[in-house]
Amino acid sequence: MSPPFIETTKKVWATWNIRVFIIVSLSLQIFLIWFARYRKWRGGKWGKCLDVLIWFAYLLADWVAGFTIGLILSEQSKSTPTEKSDVHVFWAPFLLLHLGGPDTITSFALEDNEFWIRHLLGLGFQVGSTAYVFVKSLPENKLWLPTILVLMAGIIKYAERNRAFYLASFDHLGDDWLPSEWGDEIPVPAEFQKMDSPEKFEQSQKQMLLWTAVHHFGTIKMMLVGPLLSPDQCSEIRETFLQVGDSSQDSSQVLQIMEIELSLLYEVLHTKLPVVGCMMGYIFRFITMCCIFVALLSFSLFKKYYLLKQLDMWLTYGLLIWAFVLDIISIVLLISSDWILAAHIQNTKSRFFKKRRWSRAVSQLNFITYYVNDYPSLLKEVADFLRIRGLLEDIKGIRCLSSKDFKEDDPEWRFIFEEVKELNEFLNSKMTAPSQTVLDTKQVWLYGRERVLQGFTNSNELINIVEELDYTKSVLTWHIATELCFHGVDQTSTSGNGSISHRKFCKLLSDYMFYLLVMQPAIMAAVSVSWKKVFEETLAETALYVRRSSISNDEDARKKILQLIPNFRNPERDINRSVLFAASELAKQLKKSNSTPWEQMSKVWVHLMCFAAMNCRPHVHAQQPSKGGELLTFVWLLMNHLGLGTHFSSHY
């Protein structure tokens with residue numbers, strides 16, 4: 001005989017298990033439909049925390065719904081169905097609605113879309129299980145009518161999600177699913193050219209930006225699925241963006257267009273918009289809402305006939321009402337999406353364009369802070385023993401992480417835009433033969449480095465330091481040197497506001513690129529083959545010459561690194577991969593002039609960022625809109641629009 005507490009636990013479980021899991025499933029749906037959309041514009045530490053919560057809720061929602069259907073199926077295996085099991089049978093179709101998920105999130109990551117066949121099998125299994133539960137409850141089931149109605153709605157919602165997975169997979173992303181009134185067919189209103197008030201002029205500008213983004217959205221899809229663009233397409237896109245960039249003093253409109261493009265990409269890859277944002281989708285959504293409404297009406301009229309317990313009755317009301325409310329919320333969010341705004345562009349008010357589409361934040365991490373805040377040796381040894389050293393390093397990176405705002409009207413964006421334009425012209429001038437239309441990656445790296453280094457007054461000395469460094473070593477060397485120069489210059493002594501702006505811009509890009517190397521290895525994978533060894537050796541050498549016991553803050557560490565003698569090496573250590581001494585010498589060379597050439601250093605960092613953006617795989621860039629967006633992705637998109645991308649058949 002089992003102990004009393006075990007028997008009590010069994011009774012509590014048998015009484016409350018389905019009720020509790022139904023409530024949990026509904027709560028997860030409410031959480032996802034409200035918070036999933038925040039993924040697009042949440043960055044920094046809090047954005048990462050929100051990502052974890054959404055990821056946990058996304059995985060748990062499917063598991064809870066499927067598990068609860070299993071509990072109801074198990075209960076139905078009893079020989080004598082009861083009124084209690086009747087209401088549980090009525091609850092089963094709601095779990096199909098939950099498995100269909102909210103419109104604001106179908107996939108958490110791109111990999112979810114690629115497994116659309118697995119989700120299709122899940123659809124068949126769960127629908128079959130729910131239908132079996134319902135059929136087995138007949139003919140005694142008094143709730144058969146509302147159950148059938150909700151079952152129809154659940155099947156439609158679940159099928160919509162699977163259809164969204166299918167359309168967002170890379171094998172089918174290029175399929176033409178857009179309605180005929182969208183995309184290239186959206187007409188440009190004639191009144192764009194006739195604005196008789198500032199308000200109308202502002203609205204027309206916003207409408208034109210939206211139209212331009214939708215008009216060229218096919219370019220992004222082609223970048224992801226592989227086909228090269230024709231020379232005519234290249235020329236059209238380049239001329240459009242050059243014209244927009246030159247017409248706006250700060251090039252802010254170019255960034256706004258790309259914000260819309262990436263927002264459209266997010267909606268295509270991670271929401272139900274491709275399915276519900278068409279006439280057939282509208283019809284099925286109308287059917288779904290009618291089914292739920294009629295089911296609610298039927299349940300309300302005949303609730304006394306069902307003889308339900310008070311708790312079960314109110315829980316059923318909650319499921320019905322929330323199912324209807326969540327559909328209404330989904331419709332409201334659908335109406336405010338960029339695709340729907342574009343489809344009705346002539347009637348769209350300017351206030352709808354002012355929504356936030358990415359985090360507008362650039363993550364920051366620097367080598368000195370990362371080194372100073374290292375863990376004690378004992379803790380690292382324990383982590384190595386437990387094989388969780390990588391997790392420990394990730395936690396340290398998040399602890400040292402910060403972020404800075406980056407807006408479309410910042411002068412830094414204008415500088416990036418102009419640099420990419422000049423880089424395009426410079427690389428085109430390096431085509432040695434009329435028939436040459438391709439520059440390989442090595443040529444791009446060497447020519448770009450030559451261009452930016454020639455602008456320094458002591459370029460020969462700098463070339464001697466960095467000419468043998470590959471990309472990974474170059475980024476880390478310039479990062480440490482920038483950090484030493486930034487804190488070694490009195491801000492009040494710099495000449496002019498422009499100098500201060502470039503000084504801060506160098507620091508911004510330097511810390512951002514270091515953050516990408518340390519915290520976003522997938523983005524930098526193509527250019528950071530030797531990064532791990534370089535980073536570990538540099539950290540080890542820093543620990544050898546700059547002992548943590550002798551420093552109290554970051555400034556002490558910087559002073560000790562600057563005091564290093566370039567030719568001094570410890571013969572007992574293999575320091576071939578370390579760049580600590582190279583960075584120290586580079587910082588000294590940069591400081592030799594009366595004022596550090598911050599503008600030229602800004603060009604160096606833009607070149608380093610452009611090279612990383614160009615070599616990052618397109619599908620990795622496609623992942624970034626769901627994570628708050630990355631500045632590197634905007635640079636990649638700008639380079640492709642100006643003809644500096646690997647998907648342009650007449651360029652490299």
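**Close-up 1. Aromatic pairs: a look at Phe367 and Phe535.** There are 27 aromatic pairs in this structure, where rings of Phe, Tyr and Trp (its six-membered ring) pair if their centres lie within 6.5 Å. Take Phe367 and Phe535: their ring centres are 6.3 Å apart and their planes meet at 70 degrees, so this pair is edge-to-face (planes over 60 degrees apart; under 30 counts as stacked, and the rest as tilted). Since Phe367 belongs to helix α16 (residues 367-372) and Phe535 to helix α24 (residues 531-545), the pair ties together parts 168 residues apart in sequence. Helices here are DSSP runs (H or I, at least four residues), as are strands (E, at least two), numbered from the N terminus. Phe367 counts as buried at 1% relative accessibility, and Phe535 is buried too, at 8%; buried means under 20% relative accessible area, exposed over 50%, and partly exposed in between (1.4 Å probe, protein chains only).

A word on the model: it is predicted, so local features need pLDDT of at least 70 and side-chain atom pairs count only at pLDDT 80 or more, while totals for chains, interfaces and linings use all residues. Residues are numbered from 1 along each chain as its sequence is written, and side-chain values use heavy atoms, with hydrogens and water left out.

**Close-up 2. A charge over a ring: Lys396 and Tyr370.** Lys396 lies over the face of Tyr370, 3.9 Å from the ring centre. For a charge to sit over a ring, NZ of Lys or CZ of Arg has to be within 6 Å of the ring centre and within 35 degrees of the ring normal. Arg19 does this as well, with its charged end over the ring of Trp16, 5.4 Å from the centre.

Close-up 3. Pockets come from a 1 Å grid over the protein atoms alone: each is an open set of points where a 1.4 Å probe fits, with protein on both sides within 12 Å along at least five of seven lines, and lining residues have an atom within 4 Å of a point. Of the 22 lining residues, the closest to the centre are Tyr370, Glu393, Lys532, Phe535 and Glu536. Helix α24 gives the most to this lining, with eight residues.

**Close-up 4. The largest pocket.** This one has a volume of about 820 Å³. Its lining has 35 residues, and Lys48, Asp51, Met519, Gln520 and Lys627 are the closest to the centre. The largest share, eight residues, comes from α2.

Methods. Grid points are joined across faces, edges and corners, and a volume is the space filled by probe spheres set on the points.
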